[in-house]
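Please read them alongside the sequence and the coordinates shown below.

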Amino acid sequence: MAQTIQMTNEQLHALIEAVRQSAVSAAGTASAARESSTAKTKGSFSNCTHRFGGARSHDEVEEFITNVVTYKELEEISDENALKGISLLFYGIASTWWQGVRKEAKTWNDAIGLIREHFSPTKPAYQVYMEFFEKKQEDAVAIDTFVVEKRALLAQLPEGRHNEETELDFLYGLLNIKYRKHIPRQSIQTFRDLLEQGRIIEHNNQEDEAGSKGPQRGARRVDRCTYCNFRGHTFENCRKRRQQRDAGNEED
């Protein structure tokens, strides 16, 4: 037989109030969740500062794509909104191009693929090799700059084409002689090793150049007369001083 629970009016009112507050709290949480979800879906590129004007440069295209993909992730922009708003990031010939191809982009990944395909098509391997070996390191080019540019070219080859040791062999022969004289090939196993040793050489060369501009040790010193302030003789040998001294003696 069920047990009957008797409550006073005060207890009943307290129970009703607790239930009401619980319901209000649950409704507020659900509303906040909906607002948060709506805010996330409404993200856009309206405040994005990265722009693309249609330069046919592999480096510029990849930099633009990396920046907008990162911005999209940080701002939690949905693929749908990103596809709708990507036109905000184009100007010049890129904007005109997008007007003609936007119907081909059904998804966000389609849009990224079209940008690469049109402005930075994959180079055939032979062309990458030609550009890589085309130019050696000039004397004024820092080793950091040279290595970065050459590695960027190698990155355009099919993945896994060469290991780091082979790439180092390619690059080592293009280094300026001032580096190869002091860095034996067998002393470097990675690009990090090459850069570390190359920077030391550059630092030492800068010190040598700074030292050569200062007073040279062992250089002949030219005397200056403290009486007439002319160079080439001393106070004791100054003719002007003697003449004035002799003239003074004759007057006496």
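**Notes on the helical chain**

1. Lys 123 is partly exposed, its relative accessible area being 24%. The model is a predicted one, and in it the side chain of Lys 123 meets that of Glu 131 in a salt bridge, with 3.1 Å from N to O. Glu 131 is likewise partly exposed, with a relative accessible area of 25%. In general terms, side chains of opposite charge can pair when their charged atoms come close.

2. As to the overall make-up, the protein chain holds 11 helices and 0 strands, so that the order of elements from the N terminus reads α-α-α-α-α-α-α-α-α-α-α. Of the 252 residues in the protein chain, 25% are buried. Among contacts in the protein chain with a separation of 6 or more, 53% are between residues 24 or more positions apart.

3. Glu 131 also takes part in the packing of two helices. Helix 6 (residues 125–134) packs with helix 7 (residues 143–154) at an angle of about 170°, and their axes are 9 Å apart. Because of that angle, helix 6 is roughly antiparallel to helix 7. The contact involves Val 128, Glu 131 and Phe 132 on the side of helix 6, and Lys 150, Leu 153 and Leu 154 on the side of helix 7. The crossing of helix 6 past helix 7 is left-handed.

4. A second pair of helices is arranged in another way. The axes of helix 4 (residues 93–101) and helix 5 come within 12 Å and cross at roughly 120°, and the two helices are therefore oblique to each other. Helix 4 contributes Ala 94, Trp 97, Trp 98 and Val 101 to the contact, while helix 5 contributes Ala 111, Leu 114, Ile 115, His 118 and Phe 119. The crossing of helix 4 and helix 5 is right-handed.

5. How many salt bridges does a search of the whole structure find? The search finds 7, and one of them joins Arg 116 to Glu 62, with the closest N and O atoms 2.9 Å apart. Since Arg 116 lies in helix 5 (residues 108–119) and Glu 62 in helix 2, the pair ties together parts that are 54 residues apart in sequence. Arg 116 is partly exposed at a relative accessible area of 33%, and Glu 62, with 21% relative accessibility, also counts as partly exposed.

6. A further salt bridge is formed where the side chains of Asp 169 and Arg 185 meet, at 2.8 Å from N to O. This pair links distant parts of the chain, 16 residues apart, with Asp 169 in helix 8 and Arg 185 in the loop between helix 9 (177–180) and helix 10 (191–213). Asp 169 is partly exposed, with a relative accessible area of 42%, whereas Arg 185 is buried, with a relative accessible area of 18%.

7. Glu 167 deserves a separate look. Glu 167 belongs to helix 8 (residues 164–172), and although this residue is buried, Glu 167 has no salt bridge.

8. Asn 176 is placed in the loop between helix 8 and helix 9. If residues up to four places away in sequence are not counted, Asn 176 touches Gln 137, Glu 138 and Asp 139. Asn 176 and Val 141 are 35 residues apart in sequence, and their C-alpha atoms are 9.1 Å apart in space.

9. The last point concerns the backbone. Most residues other than glycine have a negative phi. Glu 76, however, has a positive phi of about 55° although it is not a glycine. Glu 76 is found in the loop between helix 2 (58–74) and helix 3 (79–85), and this residue is partly exposed, with a relative accessible area of 44%.

Technical notes. Residues numbered from 1 in each chain as written. Predicted model: local features only at pLDDT ≥ 70, side-chain atom pairs only at ≥ 80, totals over all residues. Heavy atoms only, no water. Helix = DSSP H or I, 4+ residues; strand = E, 2+ residues; numbered from the N terminus. Buried < 20%, exposed > 50% of the residue type's maximum accessible area, 1.4 Å probe, protein only. Lys, Arg positive; Asp, Glu negative; His and termini not counted. Salt bridge = Lys/Arg side-chain N within 4 Å of Asp/Glu carboxyl O. Axes fitted to C-alpha atoms, helices over the stretch in contact; angles between N-to-C directions. Parallel < 35°, antiparallel > 145°, perpendicular 65-115°, else oblique. Left-handed = near helix turned anticlockwise from the far one by under 90°. Contact = heavy atoms within 4.5 Å.
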